[in-house]
Amino acid sequence: MEAPTATGNEQRFTGIPVAPGIAHCAVMVQWEEDEEIALRKIEPHELPEEIARFESALIATRAELLEIQQRIANAIGSNDASIFDAHLLVVEDRTLIDEVLRKLDRERANVEYIFHQVAEKYCRTLAQIDDPYLRERVVDIEDVTRRVIRHLLGKAPRNPATHDRQHIIVAHNLTPSDTAQLNRELVLGFATETGSKTSHTAIMARSLEIPAIVGLHGICQQLTSGDDVLLDGYTGTLILNPSPETLAEYGRIESAKEEVVERLELIRETASTTRDGRHIVLSANVDLPEEIGDVAANGAEGIGLYRTEFLYLNRMEPPDEEEQFEHYRIAAERSKPNGVIIRTLDIGGDKSTQSLHLPEEQNPFLGCRAIRFCLQNPEIFKTQLRAILRAATFGNVKIMYPMISGIDELRQANVILEESKAELASRGVPFHPFIEVGIMIEIPSAVLAADHLAREAAFFSIGTNDLIQYTFAVDRVNDRIAHLYNPTHPAILRMIKMAVDAAHANGIWTGVCGEMAGDVLLTPLLIGLGVDELSATSAIVPRVKKAVQSLDASQCEELVRTALTMEDSAAIQQLSLNMARERYAEIAD
Ligand code: PEP
Ligand code: MG
């Protein structure tokens, strides 16, 4: 975060903008679950005070829960008091409370430390019991624990009702699982201290159309829940106590942005063809099942990347074949007459879930992620493949394997696919036997072996988010080295060109489904490199269509010929930017 600037009562903080839009309302500063809770030894005479603090925190949490319960019951017009009943039982649970009191007496430490330890142990024990109901309770206990600790640390929202009113979240970090759970109606924006543009949290913010800023180091200390804040997701500025002049200025900015959106509406039903007649297939990325409606609404030609890992997050058991089949069937039906490319599970890296019992790894992005996990867990993989094969009878469905590093992995995955077909056949269940199978090109070894892979894959989709990460050895979520994460570096241009050329030489098409596909400043480069399809977050699709329609493929090729002779990534970026500004200035800011 840059040094804050202040005028009058107003204070500005600048971070990295990751999802466009403007939000203005009260902030809620989140207590970080993983935040270290300091251990403080206490003297015997301090014991009664610790017990009293604990009792007050339990009472305050109970009041908070009752208030939320009442509010929800009012909102849904029901007298059903059962919502949050399980949570309330936790704050009254004698076993838990007595254990805290005993430990407090024995270990003489601050009560938040003791309570956190006891609650964690409780959760671990419950999570191991072979009973789905008890395992589900872990989530309730974790939520209550967070609330009690917030009260003990004095970090509870000043206004407890903030949770159910619209607010902007400020947190040290949000995981993709946290983001997947955000309530679009209530959360108008979020800002985090860590993070990067291509983290899955940022990607989700763009798909959910929640304005967001990351990399605001130290911001949690600067704000208090309830503060009045304006979040500008275009420039990455967070403004505390915005002045009337600032609010008026942002009103004008919003109107101008809305005008652009309205103009883009007009081209929704038109083809995404360059001025000299090259059709670039324009599809949408879907991260959460509820985004499917946004695909056609934004004029995309189907789904170019359906990320399936979100079906596995925030739960204790993985989804079974039926549940997955239902999701994929809906995607198949709703993307007609176009199609949907379902990417098989890409768990690991920055996406973790309790439902798959993933081991802790030193380097999760270099670890047992995506296809590696699936090949090592064939039953989980087959469950998904069977669901996809069945859904494929309802529309135009293709399979895509993530993180393929070479031909062996592609072949191994295909063997498991054939086994899945045989299982369905023996069950007499209808499925599509000739489903097309493509791969993501996101590891440098796959680019270098693209000629081999293109002979056995039906298509390529270049995952630039990971390709850039793995090419430069730059962790895509680490903002300290974000300056090295460089889409216009000659190495990346060459990689994309190699993959496209190998695909075309073998008669298959190549798309780009990483975030580069949605960056309209880089569309001239991608078209010039010969990419056949671009798949971006639905909300960005109209902009990309505008860019495609404003460009000439032949001029883009000329631009790429020049770019490929250049060494300097900033100069290459400028070249592309110049063409973008010349052709579609209104969306190239
Ligand atoms: C990519 O790596 O570019 C990609 C699209 O996949 P993900 O962002 O889900 O890793
Ligand atoms: Mg990827």
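A crossing of two helices is called right-handed if the near helix is turned clockwise from the far one by less than a right angle. In this predicted model, helix 11 passes helix 13 in such a right-handed crossing. Two packed helices are described by the angle between their axes and the distance between the axes. For helix 11 (residues 321-334) and helix 13 (residues 378-391), the axes cross at roughly 35° and come within 8 Å. On the side of helix 11, the contact is formed by Glu-321, Glu-322, Gln-324, Phe-325, Tyr-328, Arg-329 and Ala-332. Helix 13 contributes Thr-383, Gln-384, Arg-386, Ala-387, Ile-388, Arg-390 and Ala-391. Sorted by type, the residues of this contact comprise six nonpolar, five charged and three polar.

Helix 14 (residues 407-427) contains Leu-417. Because its relative accessible area is 2%, and buried means under 20%, Leu-417 is buried. Apart from neighbours within four places in sequence, Leu-417 is in contact with Leu-385, Leu-389, Ile-399, Tyr-401, Ile-435 and Val-437. The C-alpha atom of Leu-417 also lies 7.1 Å from that of Lys-382, although the two residues are 35 residues apart along the chain.

Burial was also examined along whole helices. In helix 7 (residues 200-208), nine of the nine residues are buried, and therefore this helix is largely enclosed by the rest of the structure. The buried residues are His-200, Thr-201, Ala-202, Ile-203, Met-204, Ala-205, Arg-206, Ser-207 and Leu-208. Just after helix 7, Glu-209 adopts a positive phi of about 60°.

Helix 18 (residues 490-505) consists of 16 residues. From its first C-alpha to its last, helix 18 reaches 22 Å, close to the 22 Å expected at 1.5 Å a residue. The buried residues of helix 18 include Pro-490, Ile-492, Leu-493, Met-495 and Ile-496. Further along helix 18, Ala-499, Val-500, Ala-502 and Ala-503 are buried as well.

Thr-246 belongs to helix 9 (residues 244-265). With a relative accessibility of 8%, Thr-246 counts as buried, because the limit for this class is under 20%. When residues up to four places away in sequence are not counted, Thr-246 touches Glu-10, Arg-12 and Ile-239. With one of these residues, Glu-10, the side chain of Thr-246 makes a polar contact of 2.6 Å, joining it to the side chain of Glu-10.

Terms used. Residues are numbered from 1 along each chain as its sequence is written. Chains are lettered from A and ligands numbered from 1 in the order in which they are written. This is a predicted model: local features need pLDDT of at least 70, side-chain atom pairs count only at pLDDT 80 or more; totals for chains, interfaces and linings use all residues. Side-chain values use heavy atoms; hydrogens and water are left out. Axes are lines fitted to C-alpha atoms, for helices over the stretch in contact, and angles run from 0 to 180 degrees between N-to-C directions. Helices (H or I, at least four residues) and strands (E, at least two) are DSSP runs, numbered from the N terminus. Contact means heavy atoms within 4.5 Å. Ala, Val, Leu, Ile, Met, Phe, Trp, Tyr, Cys and Pro count as nonpolar, Asp, Glu, Lys and Arg as charged, and the others, Gly among them, as polar. Buried means under 20% relative accessible area, exposed over 50%, partly exposed in between (1.4 Å probe, protein chains only). A polar contact is a pair of N or O atoms within 3.5 Å; within protein, one must be able to donate a hydrogen and the other to accept it, and residues adjacent in sequence count only if both atoms are side-chain atoms. The expected span of a helix is 1.5 Å times one less than its number of residues.
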